[in-house]
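This note is intended for a colleague who is meeting the structure for the first time. Please keep the sequence and the model at hand while reading.

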Amino acid sequence: MFPLRGLTSTPLPPLHLKTSHPLPPLNATISNAITNRFSISDEDLESRGFNLHRKIADLNLDHLNKVFVAVGFPRRDPQKIRLALENTNSLLWVEYKKTQKPVAFARATGDGVFNAIIWDVVVDPSFQGIGLGKAVMERLMEELLEKGIINIALYSEPRVLGFYRPLGFVADPDGIKGMVYSRKKNSKR
């Protein structure tokens, strides 16, 4: 038998998440969310003519694509949208009952344990300003926090950053800057 080297019996100090805002214990966050629920209740949304959905069943991807285009996203191939949604961990969309069309949407991908990124937060422009964006974000955040995920990031247009700040989003407190891979297209001249 070989002697073990480099091991100590002294326990390692605990690791702490460094943030500019101390995080409440997870159970406090969840109980707070349950107590206060949401800025607009599910019942209030329903009484205003909206249905909440958490699955892609009944989601018309052509109608969702129209919402994407209406807010300035490029038109996407519906088959690629379907594939993306099938590989999405959490999603929430709001349907306007009268038209049976999606009017608000948000989704999150990640490892299901530590990290999540929120994508594609959109509200049809004719339904903006009545709380639907906040409704989908509050519910999506609650779902991620209930899973114990605390490292939650999102991509946003600079013009709407102010919408996310009251929901608890800040520039990375450690100063980490995100980067994206960019493949320059060859221009033919």
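1. Basis of the note. The model is predicted, so local features are given only at pLDDT of at least 70 and side-chain atom pairs only at pLDDT 80 or more, whereas totals for chains, interfaces and linings use all residues. Residues are numbered from 1 along each chain as its sequence is written, and side-chain values use heavy atoms, with hydrogens and water left out.

2. Confidence. The mean pLDDT (the predictor's confidence in each residue, from 0 to 100) is 82 for the protein, and 79% of its residues reach 70 or more.

3. Strand β2 and its partners. Strands are taken to pair if DSSP finds at least two bridges between them. Strand β1 (residues 50-53) pairs with β2 in the antiparallel sense over 4 bridges, and N51 has E95 of β2 as its bridge partner. On β3, 7 antiparallel bridges join the strand to β2, with R107 as the bridge partner of L91. The strands β2 and β3 form a hairpin with 4 residues between them, and Q100 in the turn has a positive phi of about 55°.

4. Strands β4 (residues 115-123) and β5 (residues 151-154) run parallel and are joined by 4 bridges; I117 stands opposite A153 of β5. With helix α5 (residues 132-146) they make a right-handed β-α-β unit, meaning that, with the strands pointing away from the viewer, the path from the first strand over the helix to the second runs clockwise.

5. Helix α3 and N65. At the start of α3, a side-chain oxygen of N60 reaches to within 2.9 Å of the backbone nitrogen of D62. The buried residues of α3 (residues 61-70) include L61, L64 and N65, and their cover includes α4, β3 and β4. N65 counts as buried because its relative accessibility is 0%. Its side chain reaches the backbone oxygen of R76 at 2.5 Å. G72, which follows α3, has a positive phi near 105°.

6. Nonpolar cores. In soluble globular proteins, nonpolar side chains tend to be buried together. A nonpolar core here is a set of buried Ala, Val, Leu, Ile, Met, Phe, Trp, Tyr and Cys residues joined through side-chain atoms within 4.5 Å. The largest has 25 residues, of which F50, I118 and L132 touch the most other members. Helix α5 supplies the largest share of this core, 7 residues. Not counting residues up to four places away in sequence, L132 touches residues including F50, V94 and V103. Apart from this core lies another, of 13 residues, among them V71, L85, L91 and W93.

Definitions and conventions: Helices (H or I, at least four residues) and strands (E, at least two) are DSSP runs, numbered from the N terminus. Buried means under 20% relative accessible area, exposed over 50%, partly exposed in between (1.4 Å probe, protein chains only). Contact means heavy atoms within 4.5 Å. A polar contact is a pair of N or O atoms within 3.5 Å; within protein, one must be able to donate a hydrogen and the other to accept it, and residues adjacent in sequence count only if both atoms are side-chain atoms.
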